[in-house]
Amino acid sequence: MLARIIVTGIIQGVGFRPFVYRMAIANKLAGFVRNRGDAAAEIFVQGSESDIDRFIEYVRARKPHLANYANFLVEKSDKEQKFNGFSILASSDEHKFSGPAVPPDVSICDQCANELKDPHDRRHRYFFNTCTECGPRFTIIEKLPFDRTNTTMKEFDPCDNCRGEYDNPADRRFHSQTIACNGCGPVLWIADNKGMYIDCKDPVSFAAKLLAEGSIIAIKGIGGFHIAASALNSKTLTRLRQSKSRKNKPFAVMAKNIESARSFALISDSEEKLLTSPAKPIVLLQKRGDFSLSPLVSPQLHNIGVMLPYAALHYLLLDELPEPALVMTSANPSSTPVIKDNEKAFQSLSNSVDYFLVHNRAISMRCDDSVVRVNSDKPSIIRRSRGYVPAPICMKNRSSDCILALGAELNNTFSIVAGNKVFMSQHIGDIDSLETYQFLKDTVKQMQNLVNAKSDVIACDLHPSMHTTRLARIKAESGKRLVQVQHHYAHAASLMAEHDLDMIAIVCDGAGYGLDGTVWGGEVIVCDKLGFNRVASLAKQPMIGGDLATYFPLRMAAGILNGKVEGLDEYLYSKSDLFTNGRKEVEFILNTKQAEMTSSTGRILDAVSAVLGICYERTYEGEPAMKLESAAIGGTDLGIKPRIDRNTLDTTFLLQHIYENKNRHSTRDLAYFAHSYIAGGLAEMACNQSKVTGIKTVGFSGGVAYNDLFLQIIKNKVESLGLRFIQHEKVPPGDAGISVGQAYIACNMAL
Ligand SMILES: [Zn+2]
Ligand SMILES: [Zn+2]
Ligand SMILES: [Zn+2]
């Protein structure tokens, strides 16, 4: 009997063909397996029916641990075909199935990590050690199928030893496309800050020594460059902050291992699970009371971003370091994507680093580290990149059209829908520079090739002047359908896509273009797949000076409090050195009568942060509100009920109360009060809508949903009233998840 089996899903680059080979041999079958250009694999087997059935059962049940089958099609016939044993054939370039292409990059496996330490192993201390179970995939692929010749490993011809392992079915590197060793693979070297080669015996030991002495080193990793520095040395970190013009933004650290991470951070079971998962993301952890790293790592915050080594190079480097962790921040000069090429790094980082630790394996797709926080015991993905992309998120519905959703303007990602799968891109960034815009365009093209999909529908935001909206219009000119989705509806829809439910959604963020032309950001919307109704919100408040009120939150506070409290002039004049133009600017602010209006939650939290003296200037996105959350940890409730009038939460009262009671209560309790007032008020308004609409589910989305305290208050309130609370677990709540929401709406409109 002859059987033809087509398998789609994540099967290329995961050791699937060698696995099929072993299963065929074990069941005495002849035939072949090969990859196809559309990410499917094709298997032909000849043998007795019972052997073929057992083979199929094995292939289904015992798949390689990184593999994920989407379809498994079997055709049997009585035909006889002559095969010479079982073999792995060269890939065909047949294209028929759309679907997942390659798996995400996977952190180094235990077996490979052990070889690094074994002086008798031929890969002892080899910085690029990988196998069929681990290593880069997404960041090295140029096109499908996932064969070495289609990756950036094509430059390196395997030596005889490596080739022997590659051809040996009993070896765990049988058909490993990234196979390499000290003799034939990529090489590593140290360069000075001009990019000039430095001769040294062991570049890793040399780099570890330099880091311990206080040097700053740019390190080429898997998906881009990091800038590394000692996490203990405040002098070095001051220098790093100055050269990167990064005043306060927290740096992530890479800890030697989980025990080292415990020496400065508290780690729950779910956090440990995330830290040690194959994706090895950066996890935001609460600092220990006796936090021992430099305060300059994450100034004024209660938490710190920590990741564990995920490549052989990291293991080797951290192993030689006398410190528990290393600052590892991604090397992206302001407003540009993370650097991936050596020459570009030498050019643009020579003033900010002392040395380079680089290798000669090119990065095809840049991909930043992913960032996750555990909220209410569930993972809340802040940045979904390395380790997660391009694995799809599955929806219940299938889309008949292929959709490209271009996402938000800040923290951009885009999504492609093929069938019931949403392929979210890696972190693209803020589309405010030519480089990032180009990165977006290039990655759209690459991703369309990888998932083998050409889009028929383009989705984007409603804002007319965003770059993403313009790009969508250009793409739609060739007759494609254009779907524009309001920003906060898209946030809610990204949550609907995960849970496949209609809901009352609380959406809180910094800013999004509303249907009425004002800036929204603290909304309760009742929504389903086909539309939404904004039923409640925070009161609209003036943003004195527009965007300036975002950067200097005291302006926001002044706009809210002007004419409402005693002695505001005096208070603001006493703070005039916080304003760029001093007293003149204060006078101007006090006399401004007209301003852009916003119902943004972010702006209110910022204003509270300024009135409490926690943060007067936003030097990175979310800074005042993040510091306010840190200040509120452990606070007690003042027991004041939110003031709600006609589905609008009175935020003037909140600011007024905090301003007038600054000296009566502790900063901690007032910071807590701001959270409980806004979150409690929004939850109350949302739950009221349940009575009106009969909908029993309340969801929470938007960038503020990263705030654990805020989320807890909403969740408790919703559940105490017997309603169901849902939160994000797979899609980022912030603007990084907007593309999924746009895609979901476009998909349901197309059905
Ligand atoms: Zn491995
Ligand atoms: Zn070799
Ligand atoms: Zn948003």
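A cavity here is a set of grid points where a 1.4 Å probe fits but cannot get out. With that in hand, welcome to a few close-ups of this predicted model.

**View 1. The second largest cavity holds about 110 Å³ of space.** Of its 17 lining residues, G13, V14, G15, H175 and Q177 are the closest to the centre. Helix 1 (residues 16–26) supplies the largest share of this lining, three residues. Sorted by class, the lining of the second largest cavity comes out as nine polar, six nonpolar and two charged residues.

**View 2. The largest cavity has a volume of about 170 Å³.** Look for P136, I222, Y310, A311 and A312, which lie nearest its centre among the 20 residues of the lining. Here the classes are 11 nonpolar, six polar and three charged residues. For context, a search of the whole structure turns up four cavities of 30 Å³ or more.

**View 3. Four protein residues donate to the zinc ion (ligand 3).** The donor atoms belong to H487 (NE2), H491 (NE2), D509 (OD) and D735 (OD), and they lie 2.1 to 2.2 Å from the zinc ion. Angles among the four donor atoms run from 88 to 165°, and the site is irregular. If you follow the chain, the donor residues are spaced H-x3-H-x17-D-x225-D.

**View 4. Two of the zinc donors, H487 and H491, sit in helix 13 (residues 487–499).** The two histidines are four residues apart, about one turn of the helix. H487 counts as buried because its relative accessible area is 2%, under the 20% cut-off. H491 is buried too, with a relative accessible area of 0%.

Terms used:
Residues are numbered from 1 along each chain as its sequence is written. Chains are lettered from A and ligands numbered from 1 in the order in which they are written. This is a predicted model: local features need pLDDT of at least 70, side-chain atom pairs count only at pLDDT 80 or more; totals for chains, interfaces and linings use all residues. Side-chain values use heavy atoms; hydrogens and water are left out. On a 1 Å grid over the protein atoms alone, a cavity is a set of points where a 1.4 Å probe fits but cannot get out, and a pocket is an open set with protein on both sides within 12 Å along at least five of seven lines; lining residues have an atom within 4 Å of a point. Grid points are joined across faces, edges and corners, and a volume is the space filled by probe spheres set on the points. Ala, Val, Leu, Ile, Met, Phe, Trp, Tyr, Cys and Pro count as nonpolar, Asp, Glu, Lys and Arg as charged, and the others, Gly among them, as polar. Donors are N, O and S atoms within 2.8 Å of the metal (3.2 Å for Na, K and Ca); water is not among the atoms, so sites may look incomplete. Four donors count as tetrahedral if all angles lie between 85 and 135 degrees; four count as square planar and six as octahedral if opposite donors are over 155 degrees apart and all others between 65 and 115; anything else is irregular. Buried means under 20% relative accessible area, exposed over 50%, partly exposed in between (1.4 Å probe, protein chains only).
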